[in-house]
Amino acid sequence: MNTKHFFKIAAFVTVWFFMADYHVMAANPITNLLERIDKGASHKFKVELMKNDGKEFFELDQQGSKVVVRGHNWVDVAVGINWYLKYYAGIHLSWNQMKAKLPDVLPPVKQREKHETNLSLRYDFNYCTFSYSMAFWDWKRWEKEIDWMALHGVNMPLAIVGEECVWRNMLLKLGYSEEEIGRFIAGPAFLAWWEMNNLEGWGGPLPLSWYKRQENLQKLILKRMKEFGMQPVLPGYCGMMPHDAKEKLGLNVTDGGLWNGYQRPSNLLPTDPRFNEIATLYYNELTKLFGTSKYYSMDPFHESNDDNAIDYDAAGKAMMRAMKAVRGDAVWVIQGWTENPRPQMVDNMNPRDLLILDLFSECRPMWGISSIWKRAEGYKQHPWLFCMLQNFGANVGLHGRMDQLLDNFYQTKTNPLAKNIRGIGFTMEGSENNPVMFELMSELPWRSEKFGKEDWIRQYTRARYGFSDTAVDEAWSILIHSIYNCPAGNNQQGPHESIFCGRPTLNNFQASSWSKMKNYYDPEDTRKAALLMASVADKYRGNNNFEYDLVDICRQALADQARIQYQHAIADYKSFSRKAFAKSSKHFLDMLLLQDKLLGTRSEFRLGHWTEAARQCGTTEAESNQYEWNARVQITTWGNRNCADKGGLRDYAHKEWQGLLKDFYYVRWQKYFDALSQQMETQANPQPELLGTGVNSNKTADELFQMALPQEVKLDYYAIEEPWTLKRGGYSAKPEGAAVEVAKEVAAELKKCSLKQ
């Protein structure tokens with residue numbers, strides 16, 4: 001063989017081996033996942049796929065210097081990786097920390113450890129999550145989220161990014177113009193409620209560049225999900241049409257009416273002769289863009305009253321037929337929420353064709369155990385998932401139902417009504433908060449026996465921080481028995497709402513209209529926990545997870561104490577103690593500004609991380625401005641004046657974020673306190689021209705009595721709020737100040753609060 005031929009063959013062999021090795025790496029998503037966590041981490045593990053008598057499992061083992069992780073599939077292996085990192089290496093990966101520095105030599109697995117589950121379906125997301133948390137995510141952020149999902153066992157995530165692209169293509173084929181489509185499809189921060197058939201057009205029209213962006217993003221998302229072996233849940237079709245479809249297309253549609261002041265889309269009943277035609281067009285466009293799936297999400301007649309004119313049984317069968325025409329083995333995924341799924345719609349369905357999400361299992365389970373939403377027969381023959389909702393509106397706040405979650409979940413092991421449970425689900429309206437509750441939920445399928453929260457929380461904090469500390473243990477022990485233990489019978493929606501975030505009144509309590517907030521823990525508990533965390537903060541500077549929790553716990557404690565300070569201020573007002581009111585109201589405002597300063601030390605709690613992401617979606621200045629307006633409106637007024645003042649949606653998605661506190665909530669409170677001060681000044685020093693004029697001479701005794709009581713001042717809050725929503729820029733995601741130092745400032749304030757009480 002001559003030298004020339006030798007080098008050609010050698011080059012071919014080298015390329016062949018390189019491509020073979022690349023193929024193995026590409027086919028093994030765990031390798032890439034580990035490299036994203038820490039460069040070189042994949043060389044410290046050995047992963048193996050194995051069957052296990054039909055049950056899903058993961059197993060930890062040791063071979064030489066390498067940790068071995070086996071599993072039934074790639075997601076199970078990822079769960080095993082996460083379990084090892086938490087409980088062997090003291091590394092906790094969550095939204096605030098998806099990268100870590102692994103030890104050069106990993107702690108060995110001294111005894112093989114195996115966990116199994118028959119809960120093979122593990123779902124993720126609520127439609128609302130895609131607007132309240134993900135509205136402006138790019139691929140970089142989505143890549144982290146898919147890693148989080150894999151590490152926490154998710155294998156059937158809702159995947160509705162780009163649904164608006166499908167609808168645009170479909171409506172163009174039906175003869176709608178771009179302008180008409182723009183009036184129908186909502187803006188980026190409000191797409192979820194358009195997708196749920198609640199409203200049309202608000203926040204739009206979407207620029208054409210948005211559709212291209214979302215189409216490309218969804219294709220990347222689906223590709224990565226499928227690499228892990230996840231089965232995405234695509235959006236199905238259940239009859240939504242623009243409200244003018246009767247005039248435009250001659251369709252026999254029902255009027256959607258209004259939702260919190262907004263025009264709802266109309267409904268093409270599935271029993272209509274043209275339903276199959278429209279559904280086929282929708283699914284064709286969906287398949288062209290994003291392929292098919294085993295699972296399709298549909299929630300027909302969402303949050304609407306029963307209509308005797310609708311044949312729900314026939315409607316359900318028509319929707320099922322349209323879905324099955326796309327893929328014969330497809331399964332309809334439907335939310336168990338209020339009236340849905342209506343028994344008359346699903347009772348006659350094949351159980352293999354339907355999967356129900358029991359959306360709020362930790363508080364209002366519908367599957368058969370005690371609850372205000374209990375269904376006596378549960379979901380009958382249909383399979384279902386036990387889901388944790390946890391958060392509404394992506395509000396910031398410590399919150400959880402640890403006892404309820406554990407009690408309700410482990411009842412599924414023995415209750416006959418739970419015989420068709422197939423898995424669990426994360427169904428939060430907002431993400432990136434309370435990592436402790438999501439970690440607990442993610443472990444339930446892999447723990448066959450009920451366990452105590454006390455032992456578990458010690459393991460969790462040791463994993464989350466990488467150390468044990470008696471002060472930290474005491475702080476978390478207080479929290480899990482108070483704010484993280486919302487009791488049965490309390491039906492509030494998500495976190496205890498911050499007094500800072502509500503429109504001011506003489507009787508402020510909840511910030512949003514539908515929170516159902518009810519006191520269930522002593523604010524002294526969060527104060528003590530914050531002081532304990534702050535007392536050891538100097539020792540753990542630079543520990544990312546510790547500093548995140550330090551800020552979050554101090555934030556909660558300060559908000560709770562501010563609620564007490566607010567009561568002092570109102571008491572001073574009602575007592576007509578003008579000097580005391582000036583002092584106590586100023587103290588409240590100072591606490592609000594201190595909260596703003598504290599939250600500014602972490603990017604996760606800065607308004608800029610939300611508004612910057614919104615602006616970066618734009619390809620022009622005009623687009624960036626539109627997206628920022630969407631971002632600002634959603635977290636404040638939510639909508640127009642009618643929606644904000646009468647519809648009840650204002651402050652539903654309120655946030656304790658740096659920047660928003662200082663420039664939005666502070667302004668409302670300052671104007672309110674100024675108005676109360678002015679009122680007291682007027683009462684103490686009435687205008688001379690009104691003295692002795694007899695302006696009240698015709699008042700009744702009852703009217704005069706009411707006039708003598710402290711009077712609520714009436715401010716046009718929307719007029720105060722809207723100008724802020726129209727502003728642009730000014731907020732950065734970059735942290736300012738040292739978390740530990742500012743937390744110590746907060747601790748000093750919390751100590752003063754104790755002396756006052």
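## Nonpolar core

A nonpolar core is a set of buried Ala, Val, Leu, Ile, Met, Phe, Trp, Tyr and Cys residues joined through side-chain atoms within 4.5 Å. In this predicted model, the largest such core has 254 residues. Its members with the most contacts inside the core are Trp-142, Trp-167, Tyr-237, Met-241, Trp-476 and Trp-638. Helix H19, spanning residues 544–574, supplies the largest share of this core, namely 13 residues.

Around Trp-142, and leaving aside neighbours within four places in sequence, the contacts are Phe-125, Phe-130, Met-134, Trp-137, Val-161, Leu-217, Ile-221 and Met-225.

## Aromatic pairs and charges over rings

The structure holds 66 aromatic pairs. In one of them, the ring centres of Trp-724 and Tyr-731 are 6.4 Å apart and the planes meet at 55 degrees, so the pair is classed as tilted. Trp-724 and Tyr-731 are both buried.

Ring pairs also join Tyr-132, Phe-190, Trp-193, Trp-202, Trp-259, Tyr-262, Trp-514, Trp-629, Trp-638 and Tyr-652 into a cluster; Trp-638 is also among the core residues with the most contacts. Trp-137, a contact of Trp-142, has the charged end of Arg-141 over its ring, 3.9 Å from the centre. Lys-655 lies over the face of Trp-657, at 5.5 Å from the ring centre.

## Lys-539

Lys-539 belongs to the loop between helix H18 (523–535) and H19. The side chain of Lys-539 makes a polar contact with the side chain of Asp-469 at 3.1 Å.

Key: Residues are numbered from 1 along each chain as its sequence is written. This is a predicted model: local features need pLDDT of at least 70, side-chain atom pairs count only at pLDDT 80 or more; totals for chains, interfaces and linings use all residues. Side-chain values use heavy atoms; hydrogens and water are left out. Buried means under 20% relative accessible area, exposed over 50%, partly exposed in between (1.4 Å probe, protein chains only). Helices (H or I, at least four residues) and strands (E, at least two) are DSSP runs, numbered from the N terminus. Contact means heavy atoms within 4.5 Å. A polar contact is a pair of N or O atoms within 3.5 Å; within protein, one must be able to donate a hydrogen and the other to accept it, and residues adjacent in sequence count only if both atoms are side-chain atoms. Rings of Phe, Tyr and Trp (its six-membered ring) pair if their centres lie within 6.5 Å; planes under 30 degrees apart count as stacked, over 60 as edge-to-face and the rest as tilted. A charge sits over a ring if NZ of Lys or CZ of Arg is within 6 Å of the ring centre and within 35 degrees of the ring normal.
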